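The sequence and the coordinates are shown first, and the discussion follows.

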Amino acid sequence: MREGIAEAAEALRRAHSVAICCHLNPDGDTIGTALALRLALLGMDKAVRVFCVDKVPEQVATLPGAGEICGYESLRAGESFDLLFPVDVSDASRMGPGAFEAMAARSAATCQLDHHETNPGYCQVNCVDGHAPAAGIVLRELLAVLGVPLNREIAECLYAAIATDTGNFSFNNVTPETFRVAAELLEAGLPLADMNRRLFSLQPE
């Protein structure tokens, strides 16, 4: 089991309200991982919000729940969370200027999930695997520990995270585990051809 997985799972189990945060200039990994986690937590009857300082890129804008991602300006006065959970955010500053500090002040606890070797471990619980090719791979293990079953929507989000951060499985960071997870996503109903078309073939208008 990856370091921090058990602690992250326990933090999520204890929390009722969770703020998931993406990094600025978002890519498929941070968005896909955030949305997969959102779906998992909704299935656990958690209150979940997903934040990003910048607009969701068109490449992943059709993922399930992408329309629910909002900016920090949407926070209500006095709104607070049991847990702040950045995903694929290699450093606190990557959430946007002052965003981590402001969100941490609204949160009872902090936990992160990431795959960058440079991550300094800026949360109370740090689930970071610098050898994983994508944050989505780390999240897949976390969901298994939580006992969250894969379904088509979660599979779409995880596939977007993994495929985009591995160059559609063409980069040197791809491992045997990457393909094992991809097989699990297919077994969960992933529409592979449609996803590859949406992620890699469609041109922005």
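In this predicted model, Asn-25 is exposed because its relative accessible area is 57%, which is over the 50% cut-off. Asn-25 belongs to the loop that joins strand E1 (17-21) and helix H2 (28-43). The phi angle of Asn-25 is near 45°, a positive value in a residue other than glycine.

Asp-88 also has a positive phi, near 60°, and is likewise a residue other than glycine. Asp-88 sits in the loop between E3 and helix H3 (99-105). With a relative accessible area of 3%, Asp-88 is buried.

**Confidence**

The average pLDDT of the protein is 97, and 99% of the residues score at least 70. The mean is highest in strand E3 (residues 81-86), at 99, and lowest in helix H7 (residues 192-201), at 94.

**Helix packing**

| Helix pair | Axis separation | Crossing angle |
|---|---|---|
| H1 and H4 | 9 Å | about 60° |
| H2 and H5 | within 7 Å | roughly 160° |
| H4 and H5 | within 8 Å | roughly 145° |

H1 and H4 pack at an angle of about 60°, and H1 is therefore oblique to H4. The crossing in which H1 passes H4 is right-handed. On the H1 side the contact is formed by Ile-5, Ala-8, Ala-9, Leu-12 and Arg-13, and on the H4 side by Val-138, Glu-141, Leu-142, Val-145 and Leu-146. Sorted by class, the residues in the contact of H1 with H4 are eight nonpolar, no polar and two charged.

The axes of H2 and H5 cross at roughly 160°, so H2 is roughly antiparallel to H5. Their crossing is left-handed. From H2, the contact draws on Gly-28, Asp-29, Gly-32, Thr-33, Leu-35, Ala-36, Leu-39 and Ala-40; from H5, it draws on Glu-153, Ile-154, Cys-157, Leu-158, Ala-160, Ala-161, Thr-164 and Asp-165. The contact of H2 with H5 comprises nine nonpolar, four polar and three charged residues.

Helix H4 spans residues 135-146 and helix H5 spans residues 152-165. Between them, Gly-136, Ile-137, Leu-139, Arg-140 and Leu-143 of H4 meet Ile-154, Leu-158, Ala-161 and Ile-162 of H5. Seven nonpolar residues, one polar and one charged make up the contact of H4 with H5.

**Two buried residues**

Leu-12 is located in helix H1 (residues 5-14). Its relative accessibility is 0%, so Leu-12 counts as buried. Beyond its neighbours within four places in sequence, Leu-12 is in contact with Val-18, Leu-37, Leu-41, Lys-46, Leu-83, Phe-85, Leu-142 and Leu-146. Leu-142 and Leu-146 also belong to the H4 side of the contact with H1. From C-alpha to C-alpha, Leu-12 and Asp-165 are 25 Å apart in space, and in sequence they are 153 residues apart.

Which class of accessibility does Arg-49 fall into, buried or exposed? Arg-49 is buried because its relative accessible area is 18%, which is under the 20% cut-off. Arg-49 is part of strand E2 (residues 47-51). Not counting residues up to four places away in sequence, Arg-49 touches Val-18, Ala-19, Ile-20, Cys-70, Ser-74, Leu-75, Arg-76, Glu-79 and Phe-81.

Definitions and conventions. Residues are numbered from 1 along each chain as its sequence is written. This is a predicted model: local features need pLDDT of at least 70, side-chain atom pairs count only at pLDDT 80 or more; totals for chains, interfaces and linings use all residues. Side-chain values use heavy atoms; hydrogens and water are left out. Axes are lines fitted to C-alpha atoms, for helices over the stretch in contact, and angles run from 0 to 180 degrees between N-to-C directions. Helices (H or I, at least four residues) and strands (E, at least two) are DSSP runs, numbered from the N terminus. Contact means heavy atoms within 4.5 Å. Ala, Val, Leu, Ile, Met, Phe, Trp, Tyr, Cys and Pro count as nonpolar, Asp, Glu, Lys and Arg as charged, and the others, Gly among them, as polar. Buried means under 20% relative accessible area, exposed over 50%, partly exposed in between (1.4 Å probe, protein chains only). pLDDT is the predictor's confidence in each residue, from 0 to 100. Angles under 35 degrees count as roughly parallel, over 145 as roughly antiparallel, 65 to 115 as roughly perpendicular and the rest as oblique. A crossing is left-handed if the near helix is turned anticlockwise from the far one by less than a right angle, and right-handed if clockwise.
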